[in-house]
Amino acid sequence: MARVIFLTAITLFFSTPAWAAATAAPVETATGPRLTDPQFFQMLDLSRPELAAVKVAVEKSDWPAAKHALAEHLRSRTSPHWTFDPRKVGSDRKPGNSGAENALKHRFNSIGIWWQFGPEIDWAFNPTTQPDSKWPVNHEWTWQLSRHAAWLDLAHAYMATGDEKYAREFVDELRSWVRDCPVPVEAAANKPLSRWRTIEAGIRMYRTWPGTFFGFLHAKAMDDDALVLMVKSCVEHAQYLVKFHMAGNWLTMESDGLYHVGALFPEFKDAALWRETGVGRLYRELDVQVYPDGVQMELAPGYHGVALDSFLGPVRLVPLSGFELPKDYLAKMERMFNYFLYSMQPARQTPPLNDSGASDMQPWMVTGVQFFPARDDFRWVASDGKEGKPPSQTSYEFPYAGQFFMRSGWDRQAAWLCMDAGPFGMGHQHEDNLSVILTAFGKALLVEGGVYTYDASQWRRYVLSSRAHNVVLVDGLEQNRRKEPRETWIVKTPLAHVWKTDARQDDAEAAYAEGWGPKAERIVRHTRHVAFVKPDFFIVADTLEPLDGKQHQYEALFHLDAGDVAVDGLRVTTQNAGPNLTILAAGSDGVRIIKGQKEPSVQGWLPDSSVGYGGIRPIPTAVFSKRAEGRVVMYYVLYPTAAGAACPVKEMTVTEKGLALKMSDGAVRNFPRKF
């Protein structure tokens with residue numbers, strides 16, 4: 001019953017546009033802030049006893065006095081508070097951080113690209129769109145500059161040193177930004193050069209502005225006018241986010257930001273509206289955009305984390321603000337942590353699926369223990385095995401996400417394979433259905449394109465394409481799920497698949513037939529079966545069935561993280577100093593290796609952020625080909641080996657019963673066609 005009442009209240013909030021119903025709405029002006037002083041102070045709940053002095057000043061229309069009274073209240077109140085004491089300034093006198101020092105010089109790094117401004121900062125500028133730019137066009141530069149990470153750097157430097165130069169710089173930049181970037185009124189500004197994409201508005205309110213506000217709260221440079229200006233802009237952010245919002249991980253960040261304004265500034269009449277709307281949207285999205293198996297519907301682990309972080313935003317504010325949440329709100333997130341646990345690579349990293357890189361998972365497990373202390377498996381990973389118990393399962397399926405994880409154990413040297421066979425996803429999608437990636441002995445061996453900066457380059461197009469993944473191309477054509485109706489990108493029930501796991505072997509099977517090439521022609525059905533013969537190696541069987549009765553050329557791609565490979569017939573072995581991977585094939589006509597190719601198509605590359613913005617390096621890609629009519633089956637053994645060890649499989653042959661592997665000790669291991 002409590003949940004029904006809560007959701008009904010949220011529905012009422014949605015049905016009455018708060019922007020129109022607010023006590024005071026911004027007006028169209030050339031510069032910001034749009035809210036006038038009389039409008040702003042009318043929005044305060046002046047019946048609150050702690051605002052008595054503000055009320056007296058407002059009744060006299062004495063706006064300087066009203067600002068001073070409000071500023072003094074905000075400086076002296078003890079609740080809501082932040083994660084640090086803003087009065088403890090300059091306790092260690094450490095020098096400022098590099099981000100702060102660069103901000104003093106108006107030198108900023110956005111998405112890995114540095115830019116030096118002059119005395120004035122042009123918040124609408126983008127170096128990648130200039131005629132002489134050396135970078136491909138990337139609109140993220142302008143957008144992310146206005147997430148104001150540098151302001152947090154300035155606040156940290158001020159808190160550490162007490163040096164007012166950091167506060168003065170921040171106040172100058174704050175006034176510049178608010179003046180030059182007035183809040184949009186008529187529509188959401190989700191377009192190039194905008195500083196008011198709804199995602200940025202949300203991020204500012206929960207990630208950068210709160211810490212900046214409290215960090216400078218007692219700085220001399222943060223005078224009454226500056227403090228009230230920042231709060232006034234926060235109010236404009238809240239009004240904007242009530243009126244405009246998107247979907248997916250954007251909505252979670254927008255809602256988290258909206259909730260933060262309502263929780264950190266309860267003095268406003270609409271603060272309850274901001275909190276209820278923000279947490280109401282988040283509460284609903286925990287079921288709307290998170291599958292029953294716990295995976296966020298974009299199917300990109302990095303953005304799963306983005307959404308989870310925003311879902312947790314109101315939870316983290318409970319001890320800071322005192323505002324309570326629906327009783328089952330936190331409980332709904334346990335399954336999201338469970339996904340991080342069972343999908344993680346042996347090195348405790350996320351799988352690099354869709355627009356996600358391999359990021360550290362242990363901090364997430366530390367957070368999981370904080371909120372779910374009964375989960376001994378979270379604790380075991382968080383403590384690196386010093387506390388708790390290892391997870392009860394090794395291999396694991398996420399049926400709605402269509403992601404299947406096979407592992408030999410939970411040690412960091414374990415063998416691990418992921419097969420990605422799910423729906424296209426809500427966003428950040430790659431054309432990679434049935435792709436597999438593999439890690440063993442602490443090294444990524446079979447890799448995919450992963451994530452690349454969101455620019456207009458050939459590299460960005462490459463990592464989105466089937467060519468950057470371990471899939472099969474048909475007549476040189478790639479998968480094209482993007483042509484499918486958007487309603488098919490997410491599912492209400494799991495896609496058809498097979499999953500079996502026991503102590504000896506794991507099996508996963510799924511199929512792709514949604515179309516190939518620019519026209520998404522339904523010419524072939526590809527079924528991939530992966531078996532993990534525990535604890536040593538994997539077998540992949542690709543069955544290609546033409547749906548048009550014609551002959552086709554099939555090319556199976558395997559991207560190898562290695563400097564070079566050795567080829568012996570249909571046997572390919574990486575030549576790393578450390579762990580290696582051997583691929584043995586049967587049923588193919590031949591194999592060729594492509595490395596660092598740009599023409600006629602980009603192939604054989606791997607994004608590498610360690611070499612800076614837009615970093616990418618060549619890697620060998622094994623392409624096994626087969627031209628045939630009718631049903632075709634191609635087999636592959638993926639055998640990882642430790643440094644200095646040799647693959648014990650000497651020969652692989654196809655028999656009437658299935659697959660036969662001749663081992664180095666003379667033994668023959670037989671596997672039926674269904675493994």
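Predicted model: local features only at pLDDT ≥ 70, side-chain atom pairs only at ≥ 80, totals over all residues.
Figure 1. Residues are numbered from 1 along each chain as its sequence is written, and side-chain values use heavy atoms, with hydrogens and water left out. A search of the whole structure finds 2 cavities of 30 Å³ or more (on a 1 Å grid over the protein atoms alone, a cavity is a set of points where a 1.4 Å probe fits but cannot get out, and lining residues have an atom within 4 Å of a point). The volume of the largest cavity is about 60 Å³ (the space filled by probe spheres set on grid points joined across faces, edges and corners). Its lining is made up of Met205, Trp209, Pro210, Phe213, Phe214, Cys234, His260, Val261, Leu264 and Phe265. The elements that contribute two or more residues to this lining are H10 and helix H12 (248–264) (DSSP runs numbered from the N terminus, helices being H or I of at least four residues and strands E of at least two). The most is given by H10, with 5 residues.

**Figure 2. Helix H10 and its kink.** Helix H10 covers residues 198–215, and at 1.5 Å a residue its 18 residues should span 26 Å, which agrees with the 25 Å between its end C-alpha atoms (the expected span is 1.5 Å times one less than the number of residues). A kink of about 50° lies at Trp209, shortly before the proline Pro210 (the angle between axes fitted to the seven residues ending there and the seven starting there). Both Trp209 and Pro210 are also found in the lining of the largest cavity. H10 is mostly covered, with 17 of its 18 residues buried (under 20% relative accessible area with a 1.4 Å probe and protein chains only; exposed is over 50%, and partly exposed is in between).

Figure 3. H8 is mostly covered, since 10 of its 13 residues are buried. Among the buried residues of H8 are Trp151, Leu152, Leu154, Tyr158 and Met159, together with Ala150, Ala155 and Ala157. The buried residues of H8 pack against helix H6 (98–104), strand S1 (107–110), helix H9 (164–180) and H10 (contact means heavy atoms within 4.5 Å). After H8 comes Gly162, whose phi is positive, near 75°.

Figure 4. Strand S10 (505–512) and strand S11 (524–533) are the elements that give two or more residues to the pocket lining, and the largest share, 4 residues, comes from S10. By class, the lining of the second largest pocket divides into 13 nonpolar, 5 polar and 5 charged residues.

**Figure 5. Backbone features in loops.** A cis peptide bond with omega of about 0° joins Lys534 and Pro535, and Pro535 is placed in the loop between S11 and strand S12 (537–546). Another cis peptide bond, again with omega of about 0°, joins Glu599 and Pro600, where Pro600 belongs to the loop between strand S17 (590–595) and strand S18 (605–607). Ser61, although it is not a glycine, has a positive phi of about 55°; Ser61 is found in the loop between helix H4 (52–59) and helix H5 (63–76) and is partly exposed, with a relative accessible area of 45%. His428, also a residue other than glycine, has a positive phi near 60° and is found in the loop between strand S5 (416–420) and strand S6 (435–440).

**Figure 6. Asn126 and its contacts.** Asn126 lies in the loop between strand S2 (113–116) and helix H7 (140–145), and with a relative accessibility of 1% Asn126 counts as buried. Leaving aside residues up to four places away in sequence, Asn126 touches Asn138, His139, Trp141, Thr142 and Leu193.

Technical notes. 1 Å grid on protein atoms, 1.4 Å probe; cavity = no way out; pocket = protein on both sides within 12 Å on 5 of 7 lines; lining within 4 Å. Nonpolar A, V, L, I, M, F, W, Y, C, P; charged D, E, K, R; others polar.
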